[in-house]
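Let's walk through this structure together, beginning with the place where its chains touch. Keep the view open as you read.

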Amino acid sequence: MSQAERSHKAAKVLEQLPRKLTRQIVGSLVACVHCGLCTDACHYVLTNPGDPTYAPAYKADRIRKIFKRHIDWTGRFAPWWVGAGSIFTDEDLEELKDISFGKCTNCRRCTINCPMGVDFAVANRMLRGLLVSVGVMPEGVAVVSKDQWEIGNQMGVLKEDYIETLEWLSDELEEEFGDPAARIPIDKPDCDIVYTINPREVKYDPRTISDAARIFYAARERWTMPSDGWDMTNFGLFSGDDALGGIVAHRVYEQVRALRGKKLVMSECGHGYRSTRCEGPNWAGEDIEFEMESSVITMLRYLNEGRIKVDPSKNASSYTFHDSCNNARSCGLYEEPRVLLQMVVGDFREMYPNRAENYCCTGGGGAMSMSEYAPRRLKSAKVKADQLTATGARFVVTSCHNCVDGLTDLIKYYRLDMKVTQLVNLVAQALVVPEK
Amino acid sequence: MSPFLHLAEHRVQEVALAIMAIVYVTRLIWLFRFRRGRDRQPPTGLPRTNRTKGVLYSMAAVAMPWAMESTRTRPGFYAQFVAFHLAVTANIVLSFVIPYGPGLLESTTLVRLLQIVIGAGFVVGVVRIVRRVRDPIVRRISSPDDYFCIALLTAWFAAGVVAAPNSAANGEMHLIVYFLLTAFFLVYVPFSKISHYLYYPFTRYWLGYTLGYRGVFPVESVRNARAGSRS
């Protein structure tokens with residue numbers, strides 16, 4: 001097929017490809033030796049052993065062949081010989097969409113198992129970004145991205161609803177503690193902590209907000225929540241859209257500056273933590289002058305400093321911990337949640353493999369918003385279900401809202417006798433609030 | 001030594017090496033013309049992790065089969081990897097010893113050692129060819145270059161085993177074949193996937209640089225875990 005016969009979208013993708021490439025991505029695209037050692041690292045492969053199209057090296061080759069054909073001169077010179085190829089039709093783009101969004105959660109488990117150091121997840125995110133730039137993406141990704149662009153948070157929560165939720169939570173807290181100071185401060189300037197959350201907490205799980213407020217209250221923290229820029233999640237991480245990633249991160253940073261906050265604390269959310277703490281400054285092109293911290297670290301600090309007291313006997317069941325891929329495999333946040341968990345529960349049971357080697361909850365990479373791939377996702381969740389079952393625990397604890405949804409879904413699907421909870425819930429449950 | 005063998009051992013090798021060097025340099029210039037991604041944010045992870053440790057861990061991963069699950073759970077595959085790459089090294093050494101230090105090959109022990117190491121590489125090469133053809137996933141991801149590279153190296157190992165004694169008592173053909181194969185290998189390598197060793201230091205460095213800065217590398221042993229984060 002000639003250049004003239006290439007679809008407009010395919011031509012646009014090829015036009016933008018060179019601008020997306022960094023030295024690190026190019027390294028990952030040229031270094032693969034097709035040894036296949038990454039294969040068994042992927043939960044999709046483990047649950048679809050007869051299907052080579054789930055293998056990380058195969059998936060990576062869908063990008064690699066285009067790169068070779070258009071950028072790398074070995075593929076320009078002898079495309080057939082090195083497996084180079086191009087894209088021509090919109091159907092080709094749909095096939096790429098199916099692979100990059102539907103057969104990979106960008107969990108990075110293949111990356112840490114590659115002897116060559118090929119970072120497939122980063123290359124896959126680049127591919128997603130190229131597809132999104134021409135409108136080729138799962139419907140859920142389009143909807144969520146639109147909400148985050150237009151409304152400022154990925155679940156389309158209106159400012160009025162957000163404020164109203166904080167107000168009724170504040171009413172309950174004030175009544176519970178019998179203290180007007182127990183309310184959730186909104187837009188209070190010059191605080192030590194500006195607390196940002198996942199919109200899922202406002203919409204489906206406000207208990208996590210009030211639990212965090214209980215902990216801040218018990219610690220006598222000077223904290224506030226912003227009325228804008230409060231969503232620390234970032235769908236740019238999943239969609240590969242760096243522009244969206246940059247603007248969403250900037251909104252959060254901007255609020256911290258406007259309120260003259262000393263530290264930005266993010267609630268328990270793997271992709272939110274990674275996006276705001278690790279990737280956001282790069283996407284936004286900003287150097288951040290204030291501290292950023294996961295609420296896991298904040299809670300652990302309170303305990304270590306004696307600012308809060310807990311009674312682990314209040315959490316009397318058995319607990320295991322699931323590492324979020326974004327926290328553990330991309331940000332090194334895997335030890336602190338364990339230490340904190342063991343301070344607030346009596347019966348902790350380790351899951352294997354764990355930390356950077358843990359398996360994805362299977363809801364990562366935005367998979368929870370892509371309903372068309374739900375059957376695949378749930379099939380691949382067998383790996384996680386087996387891991388959970390082997391612990392014998394009644395509760396799985398995780399520091400990620402995405403993982404909460406992914407794990408809840410697979411627990412229901414595989415009929416496991418287990419519940420999902422977060423550290424903030426357990427710490428709040430174990431709190432020993434001193435008499436006034 | 002016939003003039004043709006002398007040509008094959010010296011001038012042909014020198015030209016092939018020069019071509020390889022030129023292509024490699026060009027390739028690296030090409031790679032480094034792409035912009036470098038950077039991390040603006042402060043480091044994450046435990047204080048015991050940092051960029052330097054991440055890079056060292058990443059670069060040394062090849063010698064630590066326990067570091068990655070993919071090698072930890074496949075000791076046989078890792079042993080093949082070691083044998084194969086030792087054979088490549090030995091065969092490269094042999095291609096220099098024959099023309100520039102033939103006296104060393106008067107040692108029967110050294111010759112036997114080279115033959116064993118290179119011969120082991122040949123066996124692994126055959127096993128790898130069979131695996132590439134039979135394993136449905138590896139077959140699916142293989143390009144003609146993948147098959148040609150493993151076949152080329154396996155043939156080169158066989159030639160190395162025969163050439164190691166550096167004896168022309170029964171003719172020079174085996175030495176001529178060995179040196180022509182070596183020359184072809186040198187010229188072809190930069191254009192093929194065998195050039196992965198050129199990229200290895202960079203890909204491992206970049207991965208270690210990033211994941212060390214972000215507290216992931218060195219991957220923590222489950223038993224030695226401690227807390228106290230800066231993130």
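**Where the two chains meet**

About 5900 Å² is buried between chain A and chain B, and carbon and sulfur atoms give 59% of it; buried area is the accessible area (1.4 Å probe) that two parts lose on being put together, summed over both. On the side of chain A, the residues that lose the most area to chain B are A:Arg23, A:Trp73 and A:Trp81, together 14% of what that side buries. This is a predicted model, in which local features need pLDDT of at least 70 and side-chain atom pairs pLDDT 80 or more, while totals for chains, interfaces and linings use all residues. Residues are numbered from 1 along each chain as written, chains are lettered from A and ligands numbered from 1 in written order, and side-chain values use heavy atoms, without hydrogens and water.

Contact (heavy atoms within 4.5 Å) involves 77 residues from chain A and 65 residues from chain B.

Now look for charges. A salt bridge is a side-chain nitrogen of Lys or Arg within 4 Å of a carboxyl oxygen of Asp or Glu, and seven of them cross the interface of chain A and chain B. One joins B:Arg74 to A:Asp40, at 2.7 Å from N to O. Another pairs B:Arg38 with A:Asp287, with the closest N and O atoms 3.9 Å apart. B:Arg38 counts as exposed because its relative accessibility is 51%, the cut-offs being under 20% for buried, over 50% for exposed and partly exposed in between (1.4 Å probe, protein chains only). A:Asp287, at 48%, is partly exposed.
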